[in-house]
Amino acid sequence: TFGAGKITTGTVFSDEDIANIASVRRNVQDFAQLDSRMYLGSLDQGGNLSAQGQNFRFNSFLIDGVQANDTFGLNGNGFSSLRSPIPPEAMLALNTELSPYDARRAGFTGALMNAVTKSGTNQLRGSVYYEYTDQDWRAKNPVTKVRDTFKESTFGATLGEPILPGKLFFFASYDHFKREIAPPSQNFVPDSAIVQAITTKAGTYGSFNPGSFSASNEPFQKIYLGKLDWNIVPGHRASFTYRKNEGQDTVFSNFSGATTTSFSTEWYDQPRKTDSYTGQLFSTWTPNLRTEVSASFTKYDGSPASRSDGKFPEVQIQNVSGRRLDTGAAITNGAVYFGTEFSRQLNAITTKTRNATFAADYSLGDHTFMFGGDYEKTEITNKFVQAFLGSYTFTNPAAWTAGTASNLQVAVLAPGA
């Protein structure tokens, strides 16, 4: 439809719409993709939402007008979180805009999605929810013809209440997702005598323990949200929002090769942590003049955490005897890894984003004039040095026991680096 106030081709989903849309993943992508111009694919990577054929990284996702995008650009879903950065129960509305001709919209060429969080009211309202599923609720894997073992649960609660009726309101939300899935299969099992010899020798280096082959895979995500709404005086309203998102997945490096495997110190956890603070002031000065002022600060930490102590180098031992589980064959050319993984020895990713916006609308007759300004500054810290602690290769278990490496790769930083 056409109208004087319509300046975009978008879709608005209300809280009632969101409540009535079935979403197994409980992901904001599932709602946005109901717009026929959206396509949701690559669900195995967390979901890639494409708008009109554009790359999913060209989208911009906001929560109360503050970006929740993948600032650094390494996440597979385009968010700064492992899953959806906001639960459905905390959303009052979801706006999707494609190709808007509003000068205030910038920083994207795909779709702009803005999730508006709920607010407290004069009535005390809350909700508690719990969802659970496992392999018994899912069909068999079409390739293996068996059910993949997993358990998945989500627990959450919301609460909205007045602090000062008609004046000051509070809303809070908590969402906790966790999943237990089978870790990658270990295909090569070294002989127990060799495992014992490797462990014993490692213990002579500062009592280092290379770990074990026992793996568990339990990704999780927690979302905390708190919001204050203040009706200052008639025509002037302020809101303050805090959102915390913390999640984690695990990467089992070199664990599942046909003839290679790794101790647990070679693995690392991949966290996604976000803290966001937002303040907004909405003012109606006259029937013709309206202003909006907002300021926000967001910090993000996606730094991998090694299962090693972070000080031991990576060790590769070649020509290890053992057995392949897929064929049952005994082999003598296996390889075993342990220590701090090659690319995680000096690896940290953090960002800090500050944003301030002022916007004003002034109506004059049949015309509306818009003016304002936007400031954004992002500080990025990216540490990535492979082999910072060193990567040692030993041609066989005997060479490891003797402490004779055939190859050493270590990064040497340039002066001043």
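Is Lys 140 buried or exposed, and what relative accessibility decides the matter? In this predicted model, Lys 140 has a relative accessibility of 52%. Because residues over 50% count as exposed, Lys 140 falls in the exposed class.

Lys 140 sits in the loop that links β8 (residues 125-134) to β9 (residues 150-164). Leaving aside residues up to four places away in sequence, Lys 140 is in contact with Lys 145, Val 146 and Arg 147.

Four helices and 23 strands make up its secondary structure. Taken along the principal axes, the box filled by the C-alpha atoms has dimensions of roughly 90 × 60 × 45 Å. The chain has 417 residues, and 42% of them count as buried.

The surface and the charges complete the picture. The accessible surface of the chain is about 21600 Å², and carbon and sulfur atoms contribute 54% of this area. The chain carries 37 positive and 38 negative charges. The mean position of the positive charges and that of the negative charges are 2 Å apart.

Definitions and conventions: Residues are numbered from 1 along each chain as its sequence is written. This is a predicted model: local features need pLDDT of at least 70, side-chain atom pairs count only at pLDDT 80 or more; totals for chains, interfaces and linings use all residues. Side-chain values use heavy atoms; hydrogens and water are left out. Helices (H or I, at least four residues) and strands (E, at least two) are DSSP runs, numbered from the N terminus. Buried means under 20% relative accessible area, exposed over 50%, partly exposed in between (1.4 Å probe, protein chains only). Accessible areas come from the Shrake-Rupley method with a 1.4 Å probe; for residues, only the protein chains shown count as cover. Lys and Arg count as positive and Asp and Glu as negative; His and the chain ends are not counted. The place of a charge is taken as NZ of Lys, CZ of Arg, CG of Asp or CD of Glu. Contact means heavy atoms within 4.5 Å.
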